[in-house]
Amino acid sequence: MWASEYRSATADDAVNCFRVESSACVGDANATLEDFQEWIQRNPKNFLIYEHNGTFVGFAHFGHSNDEYITEEGFKDQCNEGASAPCFHIRSIAIDPLFQRDYYLQALIENIEPIAEGLGKKSIHLRCRDQYVDFFREQGYRYIQAMTSDELSTWHEMGIKLRWD
């Protein structure tokens, strides 16, 4: 029986968010356990937790911004506006490696987009590594710009318009 649940975060989710991001996302851009604890305590509604049959599958962490585009220097700071800000920035989206099929990531994306729409956002923006650019294009996101590179790959900004002002 298929039993998926999507919900906001609780304090207990910080450990799983840290574990999944650390194991699913390579590189030095990962948050610490303390970061997740602080973010969840400050605003648990800025997380979408995905569980399947009672097992933690993954999460999306997002914020609100007045900026249409993501800046490299201020990406984490850009996402700290109130929910009335017009842009929705996905800070992190990660699926447990045990569930690494495009279906799970697609399901998480399909369940986060209505949150942004319900808040009246005009766009959703995210950063992804090289290997996910085509996946996000297939989900309707457009390529905006290449960002920084490191020894692993390049970060890319992707976005989707929800409404035209």
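Rings, cysteines and cores in a predicted model

Me: How many disulfides does this predicted model have?
Reply: The count comes to 0 disulfides. A disulfide needs a pair of cysteine sulfur atoms within 2.5 Å.

Me: Why is cysteine 17 called buried?
Reply: Cysteine 17 has a relative accessibility of 0%, and buried means under 20%, so the word applies to cysteine 17.

Me: What makes cysteine 128 buried?
Reply: Its relative accessible area is 3%. The cut-off is 20%, and cysteine 128 therefore counts as buried.

Me: How many aromatic pairs are there?
Reply: The count is 11 aromatic pairs. One of them joins tyrosine 6 and tyrosine 50.

Me: Why is the pair of tyrosine 6 and tyrosine 50 called stacked?
Reply: The ring centres are 4.6 Å apart, and the limit for a pair is 6.5 Å. The planes of tyrosine 6 and tyrosine 50 stand at 20 degrees; under 30 degrees counts as stacked, so the pair takes that name.

Me: What makes this a tie between separate parts of the chain?
Reply: Tyrosine 6 belongs to strand 1 (residues 4-7) and tyrosine 50 to strand 2 (residues 47-52), so the pair ties together parts 44 residues apart in sequence.

Me: Are tyrosine 6 and tyrosine 50 buried or partly exposed?
Reply: Tyrosine 6 has a relative accessible area of 25% and is partly exposed, because that value lies between the cut-offs of 20% and 50%. Tyrosine 50, with 0%, is buried. Tyr6, Tyr50, Phe99, Tyr103 and Tyr104 form one aromatic cluster.

Me: Why is the pair of phenylalanine 36 and phenylalanine 47 called tilted?
Reply: The planes are 55 degrees apart. Stacked is under 30 degrees and edge-to-face is over 60, so the pair of phenylalanine 36 and phenylalanine 47 is tilted. The centres are 6.4 Å apart, within the limit of 6.5 Å. Phenylalanine 36 is in helix 2 (residues 33-42) and phenylalanine 47 in strand 2, 11 residues apart. Both are buried.

Me: How do you know that the charged end of arginine 91 sits over the ring of tryptophan 39?
Reply: The charged end of arginine 91 is 5.2 Å from the centre of that ring, and the distance limit is 6 Å. The direction must also be within 35 degrees of the ring normal.

Me: Which residues touch the most other members of the largest nonpolar core?
Reply: They are Ile93, Ile95, Phe136 and Tyr141, in a core of 26 residues. Helix 4 gives the most to this core, with 7 residues. Another core, of 13 residues, lies apart from it and includes Cys17 and Phe36.

Key: Residues are numbered from 1 along each chain as its sequence is written. This is a predicted model: local features need pLDDT of at least 70, side-chain atom pairs count only at pLDDT 80 or more; totals for chains, interfaces and linings use all residues. Side-chain values use heavy atoms; hydrogens and water are left out. Rings of Phe, Tyr and Trp (its six-membered ring) pair if their centres lie within 6.5 Å; planes under 30 degrees apart count as stacked, over 60 as edge-to-face and the rest as tilted. Helices (H or I, at least four residues) and strands (E, at least two) are DSSP runs, numbered from the N terminus. Buried means under 20% relative accessible area, exposed over 50%, partly exposed in between (1.4 Å probe, protein chains only). A nonpolar core is a set of buried Ala, Val, Leu, Ile, Met, Phe, Trp, Tyr and Cys residues joined through side-chain atoms within 4.5 Å.
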